[in-house]
Amino acid sequence: MEFSNRQSLFSVLLFVSILFVQHFAAVNSIGVNYGTLGNNLPPPAQVAQFLKEKTTIDKIKLFDVNPDILRAFAGTGIFVAVTVPNGEIPNLVDVRYARRWVANNIKPFYPQTKINYILVGNEVLHWGPQNLVDNLVAAMRSLHSALIRSGINGVNVTTAHALSILESSDPPSLAKFRPGWDIGDLAPTLKFLRETRSPFMVNPYPYFGYSPEQANFALFKPNRGIRDRFTKRTYTNMFDQLIDAVYVSMKKLGYGDVDVAVGETGWASAGDSFEPKCTIPNAASYNGGLVKKYNQGIGTPLLPGRKFDIYIFSLFNENLKSGATSEKNFGLFRPDFTPVYDIGIMRGTAAVPNKPTPSAPTPSTPVSTPPTPGNKKWCVAKAEATDEQLQLNIDYVCSQGMDCGPIQPNGACFDPNTKRAHASYVMNSWYQSKGRNDFDCNFSGTGAIVNSDPSHGPCSFLT
């Protein structure tokens, strides 16, 4: 009888330990998508060092299974989610192929690299073709089985969905999945996720639902909110509205107990003339609001107190992405590790690792000391800097909390109303407020330090 009790206790402890391992990957931190479509991006080892030492980000998501990145993140403690290319889905239905895939792509790196998710494809239902959709769940099951047979119990298998899976989302209480996809594809997916305790991952983008009339609602800014008359819940941002629409749709299929995770969400900081929503202030407001909301752990109106795994899109601006200018400007950082804007993820005053080459209109890497007392210096725009470069400088400095009121209409430094004059004023304000280090006037080569006071008329430059 005593042996039986001990055996039962051992079984319980083993079961609990397996649950712990399976859920260990579901960390409570904001993550970021690490894309690599750029010819000026830093090496993975520098990226891993930067994220670990200079930011609070402790999980990344890849759109492939890049061995160089997986090696670089070994021993960092940063969780890594990898993605199986969509085209591999039919092959993975074969269990023997799935085991070879795990042996080649996961076992050489795990657990030294903390791989927590394997995404089988990305937005498969949205993009198709049908043979990928038809084989998706079978591939997920096969891959999960291959992991278990390889002795890997701590990696969750899932897939990320575009919100085109929803037939409607407003109000959330009436949301539901699209007919055809609901029973035929999403219900089997959710059944697998429930069995393996993996999250249902979606890519909500209020960015795509933006309208000037609902700008504050999309950007986490103060607004009156939108009330769902059926649930009596009030929504103050579009992100919550979309997440609850997904949750309601899951619940209608009988899977309200499956966790939700956010694979992608973000905002472009620059765009073409036909993309006025793509600005640094808007991107900072959305992503900054998302981080603040996440850190508060308040959940959504229908999922109060719930913290979701969230991956912001994306880590870097990627200059080789196709399409509109906005596609190249979703990054939180430029390739020289300078932030495009501040969203509260830096650890104190961050310096870039190993002095990567700067390539963007922001202050560069520290290389000099402040001027001696009494030796007054100012920072102004170089004569050869273009208006486009200067506007980027203005946008950057003004998004960092600097007082840009003097260059606004009726401001003391509005005249002359030129990009060069306005940029010189804000660039100098940045330079002076940061300690008058030479690198604070670099602005990717568009700033120059001068010894003569550029103040004029009522416009007084800081010293």
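Biologist: How do the residues lining the largest cavity divide into nonpolar, polar and charged?

Modeller: This is a predicted model. The lining of its largest cavity includes F239, L290, Y294 and I298. K293, R306 and K307 also belong to that lining, as do G297 and G299. The division is six nonpolar, two polar and three charged.

Biologist: How many cavities of 30 Å³ or more does the structure hold, and how much space lies in the largest?

Modeller: The structure holds two cavities of 30 Å³ or more. The space in the largest cavity is about 80 Å³.

Biologist: Which helix gives the largest share of the lining of the largest cavity?

Modeller: The lining includes L290, K293 and Y294. The helix in question spans residues 280-296 and supplies three lining residues. That largest share comes from helix 11.

Biologist: Which residue caps the N-terminal end of helix 11?

Modeller: Look at the backbone nitrogen of N282. A side-chain oxygen lies 3.2 Å from it. That oxygen belongs to the capping residue, T279.

Biologist: Where is E123, and is it buried or exposed?

Modeller: E123 has a positive phi of about 55° although it is not a glycine. It sits in the loop between strand 4 and helix 6.

Biologist: Where is F220, and what is its phi?

Modeller: F220 is in the loop between helix 9 and strand 9. F220 is not a glycine, yet its phi is positive, about 60°.

Biologist: Which residue does a cis peptide bond join to P111?

Modeller: P111 lies in the loop between helix 5 and strand 4. Omega of the cis bond is about 10°. The partner is Y110.

Biologist: What is omega for the cis peptide bond between D170 and P171?

Modeller: P171 is in the loop between strand 6 and strand 7. The cis bond joins P171 to D170, with omega about 0°.

Notes:
Residues are numbered from 1 along each chain as its sequence is written. This is a predicted model: local features need pLDDT of at least 70, side-chain atom pairs count only at pLDDT 80 or more; totals for chains, interfaces and linings use all residues. Side-chain values use heavy atoms; hydrogens and water are left out. On a 1 Å grid over the protein atoms alone, a cavity is a set of points where a 1.4 Å probe fits but cannot get out, and a pocket is an open set with protein on both sides within 12 Å along at least five of seven lines; lining residues have an atom within 4 Å of a point. Grid points are joined across faces, edges and corners, and a volume is the space filled by probe spheres set on the points. Helices (H or I, at least four residues) and strands (E, at least two) are DSSP runs, numbered from the N terminus. Ala, Val, Leu, Ile, Met, Phe, Trp, Tyr, Cys and Pro count as nonpolar, Asp, Glu, Lys and Arg as charged, and the others, Gly among them, as polar. A polar contact is a pair of N or O atoms within 3.5 Å; within protein, one must be able to donate a hydrogen and the other to accept it, and residues adjacent in sequence count only if both atoms are side-chain atoms.
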